Amino acid sequence: MKVTAIIPTINEENTIGIVIDGLIRAVNGIEIIVVDTNSTDRTREIAEERGAIVIRENRKGYGIAYKTGLDHATGDLIVCMDGDNTYPTEIVKPLIDIIQLDEVDFISCDRMTLRSQHSYTSLHFIGNSVLNFTMHILFKINLNDSQSGMWIFYRKLYKDMKNLSNGMSFSEDIKIDAVRLGRLIEIPVKYGIRIGKPKLKTWHDGFRNLFHLLIKRIQD
Ligand SMILES: Nc1nc2c(ncn2[C@@H]2O[C@H](COP(=O)(O)OP(=O)(O)OP(=O)(O)O)[C@@H](O)[C@H]2O)c(=O)[nH]1
Ligand SMILES: [Mg+2]
């Protein structure tokens, strides 16, 4: 089974090398695609040096970056994660085993269960809880971490996913569609401390993601 990892990046030079090295150690023959949007640091150079396929996507947007990455991916299984080294690469191999053994289609990594105060602030926790609750009320989907940015799934699911957001809401959209199309489970993972500058704007993106859920429900 071929595995492709997709990593969206903007200025992640401090950590992208660690993430790529971790993925290479975790999975033999993994294809790694870094989708970079206008980094002004050495992100692209470091990724290329380590053998990743680097795609330049000049249009800004977390969702756009993933769509571009998915259009280039050739693996049967897709692993998605940030380039900021907050998600553990060591868990990727066990996740591949679980997705096959348990016959599920999509695993979303849950940061809430094992969260520490250092890596996950109370504000993020409250915001995430509001979004989890909203997803539960509007879509009858129960998740501990609707905003998680690490998932593994079968690429064949993606072709039937529709209207995925171009922005940060991509993360909640992909889970809603995964539940519609197959079986999704959550697995708790340890979440690390972010070193580089966050691209997520807590209040702005939090409200946007909430509004996005409401609009999505109305349009369904
Ligand atoms: N290519 C591309 N990558 C992006 C864009 N926005 C964010 N990213 C990357 O997507 C990943 C997620 O962004 P983060 O800033 O880590 O967002 P987050 O994980 O929700 O927030 P933190 O908990 O603060 O890390 C990181 O690797 C970013 O560099 C974008 O517009 N284009
Ligand atoms: Mg992050």
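# Strands, helices and a ligand shell

Visitor: How many bridges join strand S4 (residues 77-80) to S6, and in which sense do the two run?

Guide: Four bridges join S4 to S6, and the two strands run antiparallel. Strands count as paired if DSSP finds at least two bridges between them. This is a predicted model, in which local features need pLDDT of at least 70 and side-chain atom pairs count only at pLDDT 80 or more, while totals for chains, interfaces and linings use all residues. Residues are numbered from 1 along each chain as its sequence is written, and chains are lettered from A and ligands numbered from 1 in the order in which they are written.

Visitor: Which residue in S6 is the bridge partner of Cys80?

Guide: Trp151 is the S6 partner of Cys80, and Ile78 is bridged to Phe153 in S6. S1 and S4 pair in the parallel sense, over four bridges.

Visitor: What about S5 (residues 106-110) and S6, in which sense do they pair?

Guide: They pair in the antiparallel sense over three bridges. Ile107 has Ile152 in S6 as its bridge partner.

Visitor: Back to S4: which residues point which way?

Guide: Leu77 and Val79 point one way, Ile78 and Cys80 the other, and all are buried. Buried here is 20 or more other C-beta atoms within 10 Å of a residue's own, exposed is 12 or fewer, and partly exposed is in between, with C-beta atoms placed from the backbone.

Visitor: Zooming out, how many helices and strands are there?

Guide: The protein chain has eight helices and seven strands. The radius of gyration is 16 Å, close to the 17 Å that the globule rule gives for 220 residues, so the chain is as compact as a globular protein of that length. That radius is taken over C-alpha atoms, and the rule is 2.2 Å times the number of residues to the power 0.38. Helices (H or I, at least four residues) and strands (E, at least two) are DSSP runs numbered from the N terminus. Buried residues make up 43% of the 220 residues.

Visitor: Now ligand 1: which residues come nearest?

Guide: Pro8, Ala65, Pro198, Lys199 and Leu200 come nearest, out of 21 residues around ligand 1. Strand S1 (3-9), strand S2 (31-36) and helix H3 (62-72) are the elements that give two or more residues to this shell. A residue is near the ligand if its C-beta atom, placed from the backbone, lies within 6 Å of it.

Visitor: And by class, what does that shell have?

Guide: The shell has seven nonpolar, six polar and eight charged residues. Ala, Val, Leu, Ile, Met, Phe, Trp, Tyr, Cys and Pro count as nonpolar, Asp, Glu, Lys and Arg as charged, and the others, Gly among them, as polar.

Visitor: Last one: which residues of H7 are buried?

Guide: They are Phe170, Ser171, Glu172, Asp173, Ile174, Lys175, Ile176 and Ala178.
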